[in-house]
Amino acid sequence: MSSALISLQLNLQQGNLILEALAERPFKLVFELIGMLNQQAAMQLPPESEADSIIQFELSATQLRIVIEALGDLPYNRVHQLLAQLHQQLANMSRSTRGDA
């Protein structure tokens, strides 16, 4: 797979849900990813950010796979909307790279 980064737009609440899911994973597998996500959020958000503030995260395909797997371990009713949004963003990216958009 290519080393291209995948750009996802999430609100602060969704980002926090991802961090919560990753925190349930073995630390040695996710500590770099958690640090990178926190750094990206901190660079984009003012100190008093609202829950609906949008953050653009840049992830590798491997990192995205880890995020999705971690979300899959949380209860469905907590993550189904976030997973649907991630799926839609990825589908839109796929269509635009094929020239179908």
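Me: Axes here are lines fitted to C-alpha atoms, for helices over the stretch in contact, with angles running from 0 to 180 degrees between N-to-C directions. In this predicted model, how are α2 and α3 oriented to one another?

Reply: The axes of α2 and α3 come within 11 Å, and their crossing angle is roughly 105°. Angles from 65 to 115 degrees count as roughly perpendicular. The orientation of α2 to α3 is therefore roughly perpendicular.

Me: What orientation does α1 take relative to α3?

Reply: The axes of α1 and α3 come within 8 Å and cross at roughly 80°. Because an angle of 65 to 115 degrees is the range for this class, α1 is placed, relative to α3, as roughly perpendicular.

Me: Which residues of α3 meet α1, and what is the class make-up of that contact?

Reply: On the α1 side stand Leu17, Ile18, Ala21 and Leu22, and they meet Ile66, Val67, Ala70 and Leu71 in α3. By class, the contact of α1 with α3 has no charged, no polar and eight nonpolar residues.

Me: How is α3 oriented to α4, and what is the handedness of their crossing?

Reply: Helix α3 (residues 61-72) and helix α4 (residues 76-98) have axes that come within 11 Å and cross at roughly 155°. Since angles over 145 degrees count as roughly antiparallel, α3 is roughly antiparallel to α4. The handedness of the crossing of α3 and α4 is left-handed.

Me: Which residues of α4 take part in the contact with α3?

Reply: The α3 side of the contact is made by Leu64, Ile68 and Leu71. By class, the contact of α3 with α4 has eight nonpolar residues, with no polar and no charged ones. On the α4 side the residues are Val79, Leu82, Leu83, Leu86 and Leu90.

Me: Which elements give two or more residues to the largest nonpolar core?

Reply: The largest nonpolar core has 28 residues, and those with the most contacts inside it include Ile18, Leu37 and Leu82. Leaving aside neighbours within four places in sequence, isoleucine 18 is in contact with Leu10, Leu37, Val67, Leu71 and Leu82. The elements giving two or more residues to this core are β1 (6-11), α1 (12-23), α2 (27-44), β2 (54-59), α3 and α4.

Me: Is glutamine 14 buried or exposed?

Reply: Glutamine 14 has its place in helix α1 and, not counting residues up to four places away in sequence, touches Leu82 and Gln85. Its relative accessibility is 15%, and since the cut-off for this class is under 20%, glutamine 14 counts as buried.

Me: Is leucine 29 buried or exposed?

Reply: Leucine 29 lies in helix α2, and its C-alpha atom is separated by 9.0 Å from that of isoleucine 66, 37 residues apart along the chain. Because its relative accessibility is 55% and the cut-off is over 50%, leucine 29 counts as exposed.

Note on methods:
Residues are numbered from 1 along each chain as its sequence is written. This is a predicted model: local features need pLDDT of at least 70, side-chain atom pairs count only at pLDDT 80 or more; totals for chains, interfaces and linings use all residues. Side-chain values use heavy atoms; hydrogens and water are left out. Helices (H or I, at least four residues) and strands (E, at least two) are DSSP runs, numbered from the N terminus. Angles under 35 degrees count as roughly parallel, over 145 as roughly antiparallel, 65 to 115 as roughly perpendicular and the rest as oblique. A crossing is left-handed if the near helix is turned anticlockwise from the far one by less than a right angle, and right-handed if clockwise. Contact means heavy atoms within 4.5 Å. Ala, Val, Leu, Ile, Met, Phe, Trp, Tyr, Cys and Pro count as nonpolar, Asp, Glu, Lys and Arg as charged, and the others, Gly among them, as polar. A nonpolar core is a set of buried Ala, Val, Leu, Ile, Met, Phe, Trp, Tyr and Cys residues joined through side-chain atoms within 4.5 Å. Buried means under 20% relative accessible area, exposed over 50%, partly exposed in between (1.4 Å probe, protein chains only).
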